[in-house]
Amino acid sequence: MTLRNHPAPSLVRMQPSAARLHRPDGMWIHSDLLAQELERRRLSKPTSELYLAHLRRFLVHFRCSVDQLGARHVRIWVLWQLETKRLSPATVNSAIAALRCVFAALQRPEVMSSIRCVPKQPSAY
């Protein structure tokens with residue numbers, strides 16, 4: 001079942017301690033789906049909070065709903081983190097894992113199917 005035909009998901013306000021997410025434009029997104037995916041994966045609380053932080057940064061960067069973003073946006077964001085923000089490959093790979101979880105929760109895993117982890121060392125060629 002995709003998000004598009006999901007039967008009226010509950011839209012909830014973000015609680016600081018809960019796995020709820022707020023869109024940067026002030027609208028609410030389907031946080032129950034993400035919370036269920038985090039629980040299904042049995043992620044620790046610090047990992048869940050890190051994933052939510054990565055997702056918030058991703059949404060703020062593009063200033064739109066996750067429903068409107070795809071693989072092209074993920075690639076742009078990954079390159080921006082590496083080249084402009086100069087984040088480490090480990091940090092960027094953590095963000096990729098977070099987005100993989102998010103798009104799986106939204107039942108859109110195809111978005112992340114072409115996105116690979118960043119190698120620790122750049123290629124020598």
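How many residues does helix α4 have, and how far does it reach from its first C-alpha to its last? I found 17 residues, 89-105, and a reach of 24 Å. That is close to the 24 Å expected at 1.5 Å a residue, where the expected span is 1.5 Å times one less than the number of residues.

**Ground rules**

I noted that this is a predicted model, in which local features need pLDDT of at least 70 and side-chain atom pairs count only at pLDDT 80 or more, while totals for chains, interfaces and linings use all residues. Residues are numbered from 1 along each chain as its sequence is written, and side-chain values use heavy atoms, with hydrogens and water left out.

**Overall plan**

I counted four helices and zero strands in the protein. Along the sequence I read the pattern α-α-α-α. Helices here are DSSP runs of H or I with at least four residues, strands are runs of E with at least two, and both are numbered from the N terminus.

I then looked up burial, and 38% of the 125 residues count as buried. Buried means under 20% relative accessible area, exposed means over 50%, and partly exposed lies in between, with a 1.4 Å probe and protein chains only.

Next came contacts, meaning heavy atoms within 4.5 Å. Among contacts between residues at least 6 apart in sequence, 53% join residues at least 24 apart.

**Confidence**

I checked pLDDT, the predictor's confidence in each residue, from 0 to 100. The protein averages 76, and 71% of the residues score at least 70. Among the helices, which one has the lowest confidence and which the highest? Confidence is lowest in α1 (residues 31-40), with a mean of 77, and highest in α3, at 94.

Over residues 1-20, pLDDT stays under 50, and the model has 35 contacts there beyond four places in sequence.

I listed the buried residues of α4: Val92, Asn93, Ser94, Ala95, Ile96, Ala98, Leu99, Cys101, Val102, Phe103 and Ala105. A reminder to myself: an α-helix has 3.6 residues a turn, so residues three or four places apart point the same way.

How do the axes of α2 and α4 cross? They come within 9 Å and cross at roughly 90 degrees. That makes α2 roughly perpendicular to α4, a label for angles of 65 to 115 degrees. The axes are lines fitted to C-alpha atoms, for helices over the stretch in contact, and angles run from 0 to 180 degrees between N-to-C directions.

I also looked at who meets whom. From α2, Leu50, Tyr51, His54, Leu55 and Phe58 take part. Their partners in α4 include Thr91, Ala95, Leu99 and Phe103.

Ala105 in α4 counts as buried because its relative accessible area is 9%. Beyond its neighbours within four places, Ala105 is in contact with Leu33, Leu34 and Glu37. Just after α4, I saw Gln107 take a positive phi of about 55 degrees.

Leaving aside neighbours within four places in sequence, Val74 is in contact with Phe58, Leu99, Phe103, Val111, Met112 and Ile115. From Val74 to Ala95 I read 9.8 Å, C-alpha to C-alpha, across 21 residues of sequence.

His73 also sits in α3 and is buried, at 15%. Not counting residues up to four places away, His73 touches Phe58, Phe62 and Gln68.

**Loops**

Arg42, in the loop between α1 and α2, has a positive phi of about 55 degrees although it is not a glycine. Arg42 counts as exposed because its relative accessibility is 76%.

Arg63, in the loop between α2 and α3, likewise has a positive phi of about 55 degrees without being a glycine. At 65% relative accessibility, Arg63 counts as exposed.

Ser65 lies in the loop between α2 (45-62) and α3 (71-83), and Ser65 counts as buried at 5%. Its side chain reaches the backbone nitrogen of Asp67 at 3.1 Å.

Methods:
Polar contact = N/O pair within 3.5 Å; in protein donor to acceptor, adjacent residues only side chain to side chain. Parallel < 35°, antiparallel > 145°, perpendicular 65-115°, else oblique.
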